[in-house]
Amino acid sequence: MDIIKQNYFTTGEFAKLCNVKKQTLFHYDDIGIFSPEVIGENGYRYYSYQQIEVFEIISMLKELDMPLKDIKNYLDTRTPESLITLLHQKQKEVENKIKDLQWINNYIKTKTDITKEGLQAVTEKVTYTEMPEEYLITTHYSGKPDDRSIAAAITKHYNYCHDLGLYMIHSIGSTIKTSDMPTGQFYYSYAHTYTKVPSKKYPNLHIKPAGTYAVIYHRNGYNTAYESYKMLMDDLLKKGYTPGEYFYEDTILDELSMCGYDNYMIKISAFCKK
C-alpha cells in the first residue's frame, strides 16, 4: 500500500491535479470511459501519472463537443491512423468555430460603431460629407410597398447572401431612385435591397461611388421619412448640386436598440454631382 501511495494519486489528488470534481471521475468510471488504474484492498481508487495525458485527451475532445459515447468508442479502438482522422475532423470544426467567432466579433464592433453614430447624430439636418467608394451586394426589389412584401424581399436578400457564403456584418439597406423620391407616408419606389461588403470579390455588385454626399438622419421611423427626403433634396439643389441616381437608406438604430419601427433612426444619403 505504501508503494501505491508513493506512485499513484488518490481520486481527490487526481481531481485537483486535473482541475475537475471528484464526481466527474466517478461518472467516467461508471460509464467505462476512464477508470482508476488501481483499486486498493480498501476500495480506494488510485490513478497513475500516465493517465493524466489520457484524461487531458478526453477533456479536449469533450471541449470540442464530442459526446462521451463517441470519445469512449475512439479510446476503445484507437490507432495512430484513427487519431489523424479524428484530429483532421476536429481541426475543420475548430476552423469553422473561429470563423463564426470572428464574424461575431466583427458584428459586435460594427454594430457598436453604428449605434454610437446614431447617438451622436444630429437629426433632421442636412450635412455634406466625403465618402469612400463602397461595394454593395444588391437584390432587385419589385414588390408592393407593404410590410409583407418588404419582409419577403429582405428574406430573399438574406438567402441570396447566404448562398454566397457571406457573413453579413452590416444591416440590410435599400436604394430608391432619386427620380422616384418618396412624397408621402408609404414608399412605392424601392429599387434594391443591399448589404455592404468589404471587397469586389462578390458578384452582382453595385459600386457606390466615392465623393460628396448629402446626408440626413431621420428619427421616428419610416412613416415620416418622406419629410427628410424632401429636406435633403431641396437642400442639395439649393446648393447647386445634382443628385446621383439613388438615395441610399440605412437603418442606424433598429430593433436591437429601439422598440418598434416608429422609433427607428434612418440615415439617408445621396451622391452630389456638380
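A pocket is here an open set of grid points where a 1.4 Å probe fits, with protein on both sides within 12 Å along at least five of seven lines. The structure described is a predicted model. Its largest pocket has a volume of about 890 Å³. The lining of this pocket comprises 35 residues, and those closest to the pocket centre are I150, I154, Y222, T251 and Y261. Two or more lining residues are contributed by each of the helices α6 (80-120) and α7 (147-163) and by each of the strands β6 (173-177), β7 (190-197) and β10 (242-253). The largest share comes from α7, which supplies six residues. By residue class, the lining consists of 18 nonpolar, ten polar and seven charged residues.

Strand β7, one of the elements that line the pocket, is also joined to strand β5 by six bridges, and the two strands run antiparallel. Within this pairing, I137 has T195 of β7 as its bridge partner. Of the seven residues of β5, six are buried, so the strand is largely enclosed by the rest of the structure. Buried denotes a relative accessible area under 20%.

Residue E124 is located in the loop between α6 and β4 (127-131). The relative accessible area of E124 is 26%. Because this value falls between the limits of under 20% for buried and over 50% for exposed, E124 is classed as partly exposed. Beyond its neighbours within four places in sequence, E124 is in contact with I216, Y217, H218, R219, S228 and M231. With one of these residues, H218, the side chain of E124 forms a side-chain to side-chain polar contact of 3.3 Å. Another, S228, lies 104 residues from E124 along the chain, yet the C-alpha atoms of the two residues are separated by 6.3 Å.

T85 and S269 are 184 residues apart in sequence, and their C-alpha atoms are 53 Å apart in space.

Methods
Residues are numbered from 1 along each chain as its sequence is written. This is a predicted model: local features need pLDDT of at least 70, side-chain atom pairs count only at pLDDT 80 or more; totals for chains, interfaces and linings use all residues. Side-chain values use heavy atoms; hydrogens and water are left out. On a 1 Å grid over the protein atoms alone, a cavity is a set of points where a 1.4 Å probe fits but cannot get out, and a pocket is an open set with protein on both sides within 12 Å along at least five of seven lines; lining residues have an atom within 4 Å of a point. Grid points are joined across faces, edges and corners, and a volume is the space filled by probe spheres set on the points. Helices (H or I, at least four residues) and strands (E, at least two) are DSSP runs, numbered from the N terminus. Ala, Val, Leu, Ile, Met, Phe, Trp, Tyr, Cys and Pro count as nonpolar, Asp, Glu, Lys and Arg as charged, and the others, Gly among them, as polar. Buried means under 20% relative accessible area, exposed over 50%, partly exposed in between (1.4 Å probe, protein chains only). Contact means heavy atoms within 4.5 Å. A polar contact is a pair of N or O atoms within 3.5 Å; within protein, one must be able to donate a hydrogen and the other to accept it, and residues adjacent in sequence count only if both atoms are side-chain atoms. Two strands pair if DSSP finds at least two bridges between them.
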